[in-house]
Amino acid sequence: MIKERIRAKLVELQKAKIGLVARLDACERRARENENDLFLELVGVLDAFENLLDNMDTDALDKSAKRALKSVGAIQRKLTRLLEARGLERLEFPDARARVGLCKVVETRATEGAEEGTILEVVRNGYRREDRVLRPAEVITASKSREAREADEPGFGNGSCEGG
């Protein structure tokens with residue numbers, strides 16, 4: 001009788017533990033998602049800083065405006081360091097090749113001398129945190145020129161209609 005009550009209580013406690021572990025996992029997942037959402041919003045702030053600094057004509061600025069722009073650059077660097085210290089990484093492409101899941105190709109350009117799929121320009125930086133891509137990089141990649149495509153595909157674009 002006592003053994004049965006103890007066994008029943010043990011089963012009850014084990015079920016409660018399983019439920020608590022599942023709720024804790026769900027809370028941790030939600031917290032991680034909320035953090036990732038915040039990081040993604042802060043990446044948008046980094047984009048705004050980058051756009052401001054890249055598009056500013058410093059030659060047209062007076063001394064005071066140049067100092068202000070320098071301060072804006074310092075704020076951008078500080079925000080970047082803060083995010084990196086919390087695990088945010090900018091996606092890098094040392095081999096200049098676009099990769100599925102890490103890149104979103106927004107444009108292709110026919111380019112002589114560059115292999116198809118080579119990144120010509122990163123339009124918007126991509127970021128990852130831990131093992132998750134928060135935002136893929138938006139890139140412009142090389143494509144074959146029309147002449148190169150025609151050379152690779154016999155009968156393409158030469159006006160011939162074989163077998164017809």
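Let's start in a loop: Glu 130 sits between strand E4 (127–129) and strand E5 (132–135), where helices (H or I, at least four residues) and strands (E, at least two) are DSSP runs, numbered from the N terminus. Glu 130 has a phi near 55 degrees, a positive value in a residue other than glycine. Ala 96 also has a phi near 55 degrees, again positive and again not a glycine. You'll find Ala 96 in the loop between strand E1 (88–90) and E2.

A word on what you're looking at. This is a predicted model, in which local features need pLDDT of at least 70 and side-chain atom pairs count only at pLDDT 80 or more, while totals for chains, interfaces and linings use all residues. Residues are numbered from 1 along each chain as its sequence is written, and side-chain values use heavy atoms, with hydrogens and water left out.

Now step back to the whole chain. The protein has 3 helices and 6 strands, and from the N terminus on they run α-α-β-β-β-β-β-β-α. Of its 164 residues, 21% count as buried; buried means under 20% relative accessible area, exposed over 50%, and partly exposed in between (1.4 Å probe, protein chains only). Contact here means heavy atoms within 4.5 Å, and among contacts between residues at least 6 apart in sequence, 60% join residues at least 24 apart.

Next, have a look at strand E6 (residues 137–143). Here 7 of the 7 residues are buried, so the strand is largely enclosed by the rest of the structure. Ala 137, Val 139, Thr 141 and Ser 143 point one way, Glu 138, Ile 140 and Ala 142 point the other way, and all are buried.

What does E6 pair with? Strand E2 (residues 103–110) runs parallel to E6, over 7 bridges, and strand E3 (residues 119–124) pairs with E6 in the antiparallel sense over 4 bridges. Two strands pair if DSSP finds at least two bridges between them. Ile 140 of E6 is the bridge partner of Glu 107, and Ile 140 is also the bridge partner of Glu 121.

Glu 138 counts as buried because its relative accessibility is 18%. Not counting residues up to four places away in sequence, Glu 138 touches Lys 104, Val 106, Glu 121, Val 122, Val 123 and Arg 124. Thr 141 is buried too, with a relative accessible area of 4%. Leaving aside neighbours within four places, the contacts of Thr 141 include Ala 98, Val 105, Glu 107, Gly 117 and Leu 120.

Finally, the nonpolar cores. In soluble globular proteins, nonpolar side chains tend to be buried together. A nonpolar core is a set of buried Ala, Val, Leu, Ile, Met, Phe, Trp, Tyr and Cys residues joined through side-chain atoms within 4.5 Å. The largest one has 10 residues: Phe 39, Val 43, Leu 46, Phe 49, Val 72, Leu 79, Leu 83, Leu 88, Tyr 127 and Leu 134. Helix H1 (2–55) and helix H2 (63–85) are the elements that give two or more residues to this core, and H1 gives the most, with 4. Leu 46 touches Gln 76, Leu 79, Thr 80, Leu 83 and Tyr 127, not counting residues up to four places away in sequence. Apart from this core lies another, of 7 residues, among them Leu 91, Leu 102, Cys 103 and Val 139.
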